[in-house]
Amino acid sequence: MRKITERQIALLGLLYINSLTFLQTFSPMADVARQHAAISFVFGCGVCVLSLWLLSAVLKRFPDKNLMQAVVERFPGSGRVLLGMYLLFFLFIAARDIRILADFTNSVLLNRTPILILGIMITATAVYISQGGIRAFLGLSEIYVPIMISVLTAVSVIMLRNIHIKYMVPYFSFDWIGIAKGAWYAVPYLGEIIALPLVISGKYYRPAGVLAGLIATSALLLGTLLMTELVMGVPLTGKLTHSGYELIRQLQITDFMDRFDLLVVGLWYPTALGKIGFDIYVLCYLMQMVVPKLSGRLMTAPAGALAFVCSIWFFKNALQQFNFNYVWPLVALIFELVLPIVLFAALWPRKVKPKSG
């Protein structure tokens with residue numbers, strides 16, 4: 001494998017944790033933190049920085065291995081149990097992401113197409129991407145993440161004429177409990193960046209790049225949520241299912257182009273597919289570690305099919321999937337914060353006993 005630069009790692013982090021986060025977090029965060037919901041991303045980012053620091057410190061002790069390889073080598077029995085737990089965790093994330101994108105596509109683009117068909121099409125595309133390995137995702141992120149950032153920046157500039165500062169009144173009446181609740185909803189999605197140290201070995205892992213990707217994503221989401229509240233108002237932002245997308249729908253360049261949002265969605269959609277593809281890649285990588293004789297590349301189609309079936313099985317409808325965000329942080333924090341703390345302590349360097357004589 002050729003050298004992976006910090007810039008590539010940062011863009012991959014942006015691709016992975018930014019692509020679908022705004023569809024799920026803006027509404028619950030605005031509902032509890034009101035006009036200061038954007039500040040919740042700062043606290044959520046702080047929690048994830050702690051988790052990344054712990055995992056990066058562990059990887060420094062094992063420069064030629066990724067995190068899971070180090071755990072299995074030190075603790076063969078319990079390490080494989082932990083590996084199985086993370087396997088189920090990322091299986092759920094993959095299933096959830098497939099359902100999020102399928103429901104969004106059904107409600108916004110293809111209303112008459114059944115969810116089942118949309119899910120199959122999304123999964124098949126994601127499987128094809130994941131078969132290209134880590135280099136496919138690095139290439140995808142280098143092309144589409146800058147486009148996504150440019151589009152969001154352009155949208156924000158165009159929307160400056162529609163902002164209403166009065167929507168943020170009272171400006172300095174901070175509800176810290178509400179802000180903490182908003183961070184509670186943000187952390188699980190930002191914390192998914194732990195997938196990078198799980199599958200990238202210490203030789204290629206760049207802590208500064210992952211940290212830059214996390215901070216850039218948090219800043220991008222903070223600005224987008226703030227713009228959404230300034231344009232649409234706090235109460236409406238907290239009640240809409242896809243409030244981040246509704247901001248895009250407010251774009252009106254001319255009377256002729258009344259669906260300019262379709263162009264923006266078309267530029268964003270590959271990043272969402274790349275996010276699901278990386279979910280499947282992580283899933284296959286962990287499965288290969290559990291059963292070393294398996295081929296990770298050949299397992300992409302079965303793993304994608306399993307994630308798709310689970311996406312239909314786990315969630316009855318889009319509303320049930322959206323409401324699960326209220327309890328998902330309780331599960332996610334175990335894998336994104338508690339277990340990194342345990343691994344940091346368990347993988348402490350062993351003391352070498354001095355030779356006698």
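This is a predicted model: local features need pLDDT of at least 70, side-chain atom pairs count only at pLDDT 80 or more; totals for chains, interfaces and linings use all residues.
View 1. The C-alpha atom of S51 is separated by 22 Å from that of I4, a residue 47 places away along the chain.

**View 2. Helix α1, residues 6-18.** The 13 residues of helix α1 should span 18 Å at 1.5 Å a residue, and the end C-alpha atoms are 18 Å apart, which agrees. Most of α1 is covered, with 11 of its 13 residues buried. The buried residues include Q8, I9, A10, L11 and L12. Further along α1, G13, L14, L15, Y16, I17 and N18 are also buried.

View 3. From first to last C-alpha, the 13 residues of α2 reach 17 Å, close to the 18 Å expected at 1.5 Å a residue. Because 12 of these 13 residues are buried, α2 is largely enclosed by the rest of the structure. Among the buried residues are T21, F22, Q24, P28, M29 and A33. R34 is found in the loop between α2 and α3. At 35% relative accessibility, R34 counts as partly exposed.

**View 4. The largest nonpolar core and the separate second core.** The largest nonpolar core has 110 residues, and those with the most contacts inside it are M68, Y86, F90, L101, W268 and F278. Helix α5, residues 76-108, gives the most to this core, with 17 residues. Apart from neighbours within four places in sequence, Y86 is in contact with M68, I194, L198, L286, F335, L339 and P340. A second, separate core of 10 residues includes V155, M232, F260 and V264.

**View 5. Crossing of helices α5 and α16.** The axes of α5 and α16, the latter formed by residues 328-346, come within 12 Å and cross at roughly 145 degrees. The crossing is left-handed. On the α5 side, the contact is made by L82, M85, Y86, F89, F92, I93 and R96. On the α16 side, W328, A332, F335, E336, L339, P340 and L343 take part. By class, this contact has 12 nonpolar, no polar and 2 charged residues. An α-helix has 3.6 residues a turn, so residues three or four places apart point the same way.

**View 6. D103 in helix α5.** D103 is found in helix α5. Its relative accessibility is 9%, so D103 counts as buried. Leaving aside neighbours within four places in sequence, D103 is in contact with I115 and A318.

**View 7. The cis peptide bond between V169 and P170.** V169 and P170 are joined by a cis peptide bond, with omega about -5 degrees. P170 lies in the loop between α7, residues 134-158, and α8, residues 176-190.

Note on methods
Residues are numbered from 1 along each chain as its sequence is written. Side-chain values use heavy atoms; hydrogens and water are left out. Helices (H or I, at least four residues) and strands (E, at least two) are DSSP runs, numbered from the N terminus. The expected span of a helix is 1.5 Å times one less than its number of residues. Buried means under 20% relative accessible area, exposed over 50%, partly exposed in between (1.4 Å probe, protein chains only). A nonpolar core is a set of buried Ala, Val, Leu, Ile, Met, Phe, Trp, Tyr and Cys residues joined through side-chain atoms within 4.5 Å. Contact means heavy atoms within 4.5 Å. Axes are lines fitted to C-alpha atoms, for helices over the stretch in contact, and angles run from 0 to 180 degrees between N-to-C directions. A crossing is left-handed if the near helix is turned anticlockwise from the far one by less than a right angle, and right-handed if clockwise. Ala, Val, Leu, Ile, Met, Phe, Trp, Tyr, Cys and Pro count as nonpolar, Asp, Glu, Lys and Arg as charged, and the others, Gly among them, as polar.
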